[in-house]
Amino acid sequence: MRNLNTWLIVFILIVTAIAIWSLFPSFQFLTLPPAVRGGNADSLARYGYKEEWFRSLQKKALHLGLDLQGGIRLVLAVDEASLAKTLGVKQSELKTKDISEARDKALTIIRNRVDQFGVSEPLISPEGPSWISVQLPGMVNVERAREIIGKTGLMEWKLVQESKAVQDILARLDRAQAKAAGITDSVSVESSHLFTTHAVYDGRQITVMRESIDTVNLMLRDSLVLAAIPPDMEFLWGRGDERDMTPGAKPLFLLKREPEVTGASLVEARMGIGTENNPAEPRVDFVLNHKDAAKFSVVTAANINRQLAIVLDSIVQSAPVIRSRIPNGRGQIELGSGTSDEAKDLAVILKAGALPAKIAIVHSEIVSQTLGADSIQKGKVSAIIGLLLVVALMGFYYRISGAIADIALIFNLLFLVAFMAAMHSTLTMPGIAGIILTMGMSVDSNVLIFERIREEMRVGKTVRTAIDAGYNRALATIIDSHVTTLITSVVLFWFGSGPIRGFAVTLGLGVAISLFTALVITKVIFDTRKQYRTLSI
Amino acid sequence: MFEIIKGTNINFSGMRKYAYILSGILILIGLFAFVQVLTGKGNLGIEFTGGTMVQASYERHLSPEDIGKIRSAITQAGFGTSEIQQVSGGGRYMLLIRLKRIEATGGTISDRVLEILGKTFPEIPFRKEATQDVGPTVGADLQHKAVWAIFWALIAIAMYIWIRFRTLDFGIAALVATMHDVFVLLGIVFVLRLEITLLIVTALLTIAGYSLTDTVVVFDRIRENLRTKRREGLFKVINLSVNEILSRTILTGGTTLVAVASLLFLGGDVTRNFALTLFIGLFLGTYSSWFVASPILLEWEKVTSTRERKGR
């Protein structure tokens, strides 16, 4: 018996050493200045930390959930209508396999994009049959995140309709609007420029003033207007920051619906500086692949002096006039008043390739870093106070035996957090709640044992036999009382998402570990003495 | 030896009639709440219904009129009714704005709400602390998952009870007590008008586990005592058993309660309602092993013994 105890002590010491060792990086990480913890390269340099060292430390440290460190979580869904269009089938004919294939392809592309943006520790994973979950810890600029991830990145070249066709269609739209407004008298119909008062055509491009943009958008969705536009044409908006535009106004383009060339895969895309009009303006240079370059060459040769619009995700980037055949598939996108960051982002998106279909953001969650830090602080305080209360209660009621149970509880917490760090689990606020609940519930084993020991002592058994009998007789009940908690934890882990999983992990692990700490560690401590005359219980 | 509870002889079984009335009322409330939730009238969180949540902090207190202004600005922008809450802490104030079921793909509504905030009070620098835009499909998916989680948890619990007790009387009694707690707790959550979030569902399931533990511990003792003291009758054995382990019940309940209380009062907004639900649930779990699970054993014996007598 004595011998067994020695081995157990050695075993406990080894486990403790491993636990402390696996917690060391987390300790190092969490004691860094908060500004550095964000992983921003500038602040790392300012405090004199090497980025490589930081990254590896961050990998080894206990992972904090978005709710604790701030960041963005997005859930993306493949837009089925757009996927059906790409595959050339009806939406109802889409198979589950098509959707999940598109999802997987999109996931790879998005991962490429995010990787190139240098977000630290991004988490990109499939969720359910058709969703993608993207977690960007530490990132709070949601606008940029949406740009990076949500942009389809599909570049198309579409011919701009010539001015005669544009004027003809605009006149038709005026008539359609008049009809919609209930004007029947033919003279009034002809003189009511209901559409062209908002969308002004100067023979070169259609301009819509800021205050008319919403109206025009509404008109373009009207069924009478839609019927007036020939099926092989479409209206698309420009970016709105083009040169020589009134601020706030946007150009509207009438294009041939069928693209001349689609640049789903580019050989090269990179940021450049300097455009025809401004040597300091950023631009994106791209090179088409061979097949597309050949098509491009044919199209440009056949349409000299016509405008060819570069359309990116249904927004016209620019519509230059073709001066001559372009044989090598090289071109550039001008970003007008865009910043060089935007140009960089666009280059990355174009190079990573176009998504197989449009992506809809179906869920987005942002937590600021201050709120995260606040949650950590509150979690820490409530965990410490909770621990002190439980420790005090046990010590008060069971005296020295209670103190032994308290030691076991502290081992329990140590092992729990160490195990989480070693398994690279993520600690969330509900996870902290799980730890706090574990502290309250896991002393139950010791309570059950101590109550048994008291009963045995009351019927007159010696301390030694009472201790042994207490452990033996309480065992069945202890296992029972843990199994029920484990059942709920497992179910919650299976079905829960994100934060709930965090709760299930800490509660389940905590209770499982307590089987070892509350039974073995306390028994080892009791067994360090062979004989007891009295027991403080 | 320090004992608060020593040689008690409380007549738990004798009090069961009062408990039946109380439990009956609470269960009715719980069932009503359950129906409300099923028909979508319950106070479901936006993670289930889809919708938008915006949390913004600022430095001066907003009067109810100010908040009314924000509310009407949001309505005017076409986002329907909103639920606005102001909380304070650490010299700062936090505005919690919730919008339900908006017909739009997620992503931009929270930005629009922040824009409206800034326009309504241009002099206050609002700081965006957290936003959530949940699309209806994601909400529906989560609802689906939650329902299955509850279903499987109950199946797993029932299976465990069956493996553990093998006899119908103990098994049914434990299952009824567990279900009792889940429904009653749901009813209380409903009456307190707490928003039913994923965390609240988690709390319900956690309490199901806790309550079952408590019942199992009581039942273990009852079965143990039945082996030696069968002749004294079930009524006496139940009372004796509950009294014998009273100090364990109170101590474990107590340690769990203080831990949860610490979370409730110090843990902040994220876990407050969760901790509150657990806090109430802990009392329920103990109540039900005394006044629901054990009495069912008694009633069961009455029914079977009269049946036996009639059979003779």
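Two residues are in contact here if their C-beta atoms, placed from the backbone, lie within 7 Å. With that in hand, here's a quick tour: in chain B, 77% of the contacts with a separation of 6 or more are between residues 24 or more positions apart. This is a predicted model, where local features need pLDDT of at least 70 and side-chain atom pairs count only at pLDDT 80 or more, while totals for chains, interfaces and linings use all residues. Residues are numbered from 1 along each chain as its sequence is written, and chains are lettered from A and ligands numbered from 1 in the order in which they are written.

**Chain B on its own**

- Chain B has ten helices and four strands; both are DSSP runs numbered from the N terminus, with helices being H or I of at least four residues and strands E of at least two.
- Going along the sequence, the pattern of chain B reads α-α-β-α-β-β-α-β-α-α-α-α-α-α.
- The radius of gyration of chain B is 25 Å, well over the 20 Å that the globule rule gives for 312 residues, so chain B is more spread out than a compact globule. That radius is taken over C-alpha atoms, and the rule is 2.2 Å times the number of residues to the power 0.38.
- Along the principal axes, the C-alpha atoms of chain B fill a box of roughly 85 × 45 × 30 Å.
- Of its 312 residues, 45% count as buried. Buried takes 20 or more other C-beta atoms within 10 Å of a residue's own, exposed takes 12 or fewer, and partly exposed is in between, with C-beta atoms placed from the backbone.
- Chain B is assigned domain 1 (13-44 + 138-311) and domain 2 (51-134), with bounds that come from an automatic or database domain assignment.
- The C-alpha centres of domain 1 of chain B and domain 2 of chain B are 39 Å apart.

**Chain A on its own**

- Chain A comes with 19 helices and 17 strands.
- Its radius of gyration is 34 Å, whereas a compact globule of 537 residues would have one near 24 Å.
- The box filled by the C-alpha atoms of chain A is roughly 115 × 55 × 40 Å along the principal axes.
- Buried residues account for 43% of the 537 residues in chain A.
- Take the contacts in chain A between residues at least 6 apart in sequence: 71% of them join residues at least 24 apart.

**Where domains 2 and 3 of chain A meet**

- Ten residues of domain 2 of chain A are in contact with seven residues of domain 3 of chain A.
- On the domain 2 side, helix 7 (96-117) and helix 8 (142-150) of chain A each supply at least two residues, and helix 7 of chain A gives the largest share, five residues.
- That side of domain 2 has four nonpolar, three polar and three charged residues. Nonpolar covers Ala, Val, Leu, Ile, Met, Phe, Trp, Tyr, Cys and Pro, charged covers Asp, Glu, Lys and Arg, and the others, Gly among them, are polar.

**Where the two chains meet**

- 56 residues of chain B touch 60 residues of chain A.
- Several elements of chain B each bring at least two residues to this side, including strand 4 (127-134), helix 5 (136-165) and helix 10 (269-311).
- Helix 9 of chain B makes the largest contribution to that side, with 13 residues.
- By class, the chain B side has 28 nonpolar, 20 polar and eight charged residues.
- Strand 16 (residues 359-367) of chain A pairs with strand 4 of chain B in the antiparallel sense over five bridges; two strands pair if DSSP finds at least two bridges between them.
- One bridge links Ser364(A) to Asp133(B) in strand 4 of chain B.

**Residues to look up**

- Arg399(A), in helix 15 (residues 369-422) of chain A, isn't a glycine but has a positive phi of about 50°.
- Arg193(B) is in the loop between helix 6 (168-191) and helix 7 (198-229) of chain B, and its phi is also positive, near 55°.
- Most residues other than glycine have a negative phi.
- Arg193(B) is exposed, with 7 other C-beta atoms within 10 Å.
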